[in-house]
Amino acid sequence: MNRPFIYGSRLLHKIEIMNPLNAIWIIGALLCCHQILWAQPEKNNLLKGKKHSATSINLEAQTFLQSSLKSLKEKEEEDAPPIQGVLEVPVKIHVVQDGNSSGNITIANVQAAFEQLDRYFLPAYIRFVPLGDYNYINKAAYYDLDKEKEESLLCSAYDVANVINLYLVGSITDEGTQYCGYTYYPKDLDRNVDRILLAQDCLMDGVSLARQMGHYFALFPTAGLGLADIATQEFVDGSNCATAGDEICDTPADPGLKLVDVDERCGYIGRKQDLSGRKRFYKPDTRNIMSDNPRLYCCNHFTPAQYQRMRHALI
């Protein structure tokens with residue numbers, strides 16, 4: 001296995017490669033179920049009362065990712081190497097409880113969520129393996145989590161090295177705003193936070209866990225990072241797709257989506273124009289998992305270039 005271009009030994013020695021024959025069988029079965037699942041989307045599956053993600057990027061992580069971008073571009077332009085099997089990524093599940101068993105997530109909920117997650121990631125030959133010994137944390141004080149004040153107090157005592165630590169909490173608040181979840185982009189080859197936090201009611205929405213895994217493996221929102229020091233946004237004609245927006249060129253320019261911008265059939269009905277000055281109207285992909293579409297039932301796929309970037313980030 002090649003040395004990871006971004007993550008160093010972040011998860012490398014814990015990742016196992018599944019036998020190719022078993023991989024083919026599992027991929028076929030899950031992709032078949034994937035088609036059945038999305039044939040009848042639940043139109044009441046809307047994001048209400050909270051935002052998708054509190055995942056953000058600080059200057060240190062931004063600088064590191066930009067310095068790694070050249071290597072990433074070179075890898076993306078290479079012919080894809082033969083796939084030897086499915087990469088299995090270990091995940092440690094931490095369930096924060098509030099003392100009221102009726103309000104807590106169940107093992108069946110977690111298993112169903114990971115089955116859905118694998119349907120999204122198996123086209124990239126990535127599969128997530130929850131470690132069998134779930135960690136139940138009976139600390140009601142952290143059930144409704146304040147990101148800035150309480151995350152380190154909670155997680156520093158329970159993080160497991162060299163796996164993705166998934167914390168399932170009652171709710172997540174950051175500066176007064178509620179979010180479904182968040183994670184961290186890499187800062188360098190050695191100092192990274194292998195951690196995802198997710199509100200329990202968002203675990204089963206079919207989108208939020210996959211989105212945070214996308215962020216963890218170096219995907220930006222399709223609307224871009226939204227940083228104040230980024231002067232331009234992606235143009236509709238794609239002329240700056242490699243340096244603006246999500247910096248991936250097979251995802252259309254995206255101005256950011258609100259409920260009023262998307263109709264019930266997942267069509268974009270917004271009227272925003274890009275900043276090129278040529279009166280070009282956006283035509284975003286409302287079905288991309290990394291979009292901000294609050295109609296969660298629409299969001300059901302990654303693009304080939306997104307898969308390529310995530311797999312390169314992993315291997």
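The model is predicted, so local features need pLDDT of at least 70 and side-chain atom pairs count only at pLDDT 80 or more, while totals for chains, interfaces and linings use all residues. Residues are numbered from 1 along each chain as its sequence is written, and side-chain values use heavy atoms, with hydrogens and water left out.

Now follow strand β3, which spans residues 87-97. Strands here are DSSP runs of E with at least two residues, and helices are runs of H or I with at least four; both are numbered from the N terminus. Two strands pair if DSSP finds at least two bridges between them. Five bridges join β3 to β4, residues 126-130, and the two strands run parallel. β3 is also joined to strand β7, residues 164-169, by five bridges, again in parallel. In that pairing, Val95 stands opposite Leu168. Strand β5, residues 135-138, pairs with β3 in the parallel sense over four bridges. There, Gln97 faces Asn138.

Is β3 enclosed or open? Ten of its eleven residues are buried, so the strand is largely enclosed by the rest of the structure. Buried means under 20% relative accessible area, exposed means over 50%, and partly exposed lies in between (1.4 Å probe, protein chains only).

## Around strand β9

Strand β9 covers residues 177-182 and pairs with strand β2, residues 51-53, in the parallel sense over two bridges. Ser53 has Gly181 of β9 as its bridge partner. Strand β8, residues 171-174, pairs with β9 in the antiparallel sense over three bridges. The hairpin of β8 and β9 has two residues between the strands, and Glu175 takes a positive phi near 55°.

β9 also meets strand β10, residues 195-199. These two strands run antiparallel and are joined by two bridges. In β10, Leu198 stands opposite Gly181.

## The nonpolar cores

A nonpolar core is a set of buried Ala, Val, Leu, Ile, Met, Phe, Trp, Tyr and Cys residues joined through side-chain atoms within 4.5 Å. The largest one has 45 residues, and Phe121, Phe128 and Phe302 have the most contacts inside it. Which elements each supply at least two residues of this core? They are β3, α3 (107-121), β4, β7, β10, α5 (200-203), α6 (208-216) and α7 (304-314). α3 gives the most, with six residues. A second, separate core has 14 residues, including Ala54, Ile137, Leu145 and Tyr179.

Look closely at Phe128. Contact means heavy atoms within 4.5 Å. Leaving aside neighbours within four places in sequence, Phe128 is in contact with Val89, Val91, Phe114, Leu117, Asp118, Phe121, Ile164, Met213 and Phe217.

## Aromatic rings

A search of the whole structure finds eight aromatic pairs. Tyr134 and Tyr136 form a tilted pair, because their ring centres are 6.5 Å apart and their planes meet at 40°. Rings of Phe, Tyr and Trp (its six-membered ring) pair if their centres lie within 6.5 Å; planes under 30 degrees apart count as stacked, over 60 as edge-to-face and the rest as tilted. Tyr134 counts as buried, at 17% relative accessibility. Tyr136 is partly exposed, at 39%. Tyr182 and Tyr184 form an edge-to-face pair, with 6.1 Å from centre to centre and 80° between the planes. Tyr182 is buried at 0% relative accessibility, and Tyr184 is partly exposed at 23%.

One aromatic cluster is formed by Phe121, Phe128, Tyr216, Phe217, Phe302 and Tyr307. Some rings also carry a charge over the face. The rule is that NZ of Lys or CZ of Arg is within 6 Å of the ring centre and within 35 degrees of the ring normal. Lys147 lies over the face of Tyr182, at 4.9 Å from the ring centre. Arg271 lies over the face of Phe281, at 4.3 Å from the ring centre.

## The whole protein

The protein has seven helices and ten strands. Of its 315 residues, 53% count as buried. Among contacts with a separation of 6 or more, 76% are between residues 24 or more positions apart.

The accessible surface comes to about 15,000 Å², and 51% of that belongs to carbon and sulfur atoms. Accessible areas come from the Shrake-Rupley method with a 1.4 Å probe; for residues, only the protein chains shown count as cover.
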